[in-house]
Amino acid sequence: MKNLDIQLDEEYAQKLAYIQQEADQDTVEAIKSSIELRYEQLQQQKTDPLAKLK
């Protein structure tokens, strides 16, 4: 497991707090789910040529 020490500006801290509240997730789970979503988007773009144009 990799540990990360990050600092968020106020805007991103508020966005993270919103995600946590709406998804009922702790910080780690909110970040993991966001990474997973972005990863899936990038993988889809790789396999779907039209996705790159969207």
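**Glu11 and Lys15.** I started with Glu11 in this predicted model and found Glu11 partly exposed, at a relative accessible area of 44%. I then looked for its partner: Glu11 forms a salt bridge with Lys15, with 3.0 Å between the closest N and O atoms. The two residues are both in helix H1, four residues apart, about one turn of the helix. Lys15 also counts as partly exposed, at 40% relative accessibility. I checked what else Lys15 does, and its charged end sits over the ring of Tyr12, 5.1 Å from the ring centre.

How many salt bridges does the structure hold? I get two. The other one I noted joins Lys32 to Glu29, whose closest N and O atoms are 4.0 Å apart. Both lie in helix H2 (residues 27-47), three residues apart, again about one turn of the helix. I have Lys32 as partly exposed at 48% relative accessibility, and Glu29 as partly exposed at 38%.

**Nonpolar patch.** Next I went over the surface. Tyr12 turns up again here, in a nonpolar patch with Leu4, Ile6, Leu8, Ile31 and Ile35. Together they have about 610 Å² of accessible area. Is Ile6 buried or exposed? Ile6 has a relative accessible area of 51%, so I log Ile6 as exposed, the cut-off being over 50%. Ile6 is in the segment before H1.

**Gln20.** I placed Gln20 in helix H1 (residues 10-23). Leaving out residues up to four places away in sequence, Gln20 touches Gln25, Asp26, Thr27 and Ala30. I also took the C-alpha separation from Gln20 to Asp48, 28 residues apart along the chain, and got 31 Å.

Technical notes
Residues are numbered from 1 along each chain as its sequence is written. This is a predicted model: local features need pLDDT of at least 70, side-chain atom pairs count only at pLDDT 80 or more; totals for chains, interfaces and linings use all residues. Side-chain values use heavy atoms; hydrogens and water are left out. A charge sits over a ring if NZ of Lys or CZ of Arg is within 6 Å of the ring centre and within 35 degrees of the ring normal. Contact means heavy atoms within 4.5 Å. Patches are made of residues with over 30% relative accessible area and no salt bridge: like charges are joined within 9 Å, nonpolar side chains (Val, Leu, Ile, Met, Phe, Trp, Tyr) within 5 Å. Accessible areas come from the Shrake-Rupley method with a 1.4 Å probe; for residues, only the protein chains shown count as cover. A salt bridge is a side-chain nitrogen of Lys or Arg within 4 Å of a carboxyl oxygen of Asp or Glu. Buried means under 20% relative accessible area, exposed over 50%, partly exposed in between (1.4 Å probe, protein chains only).
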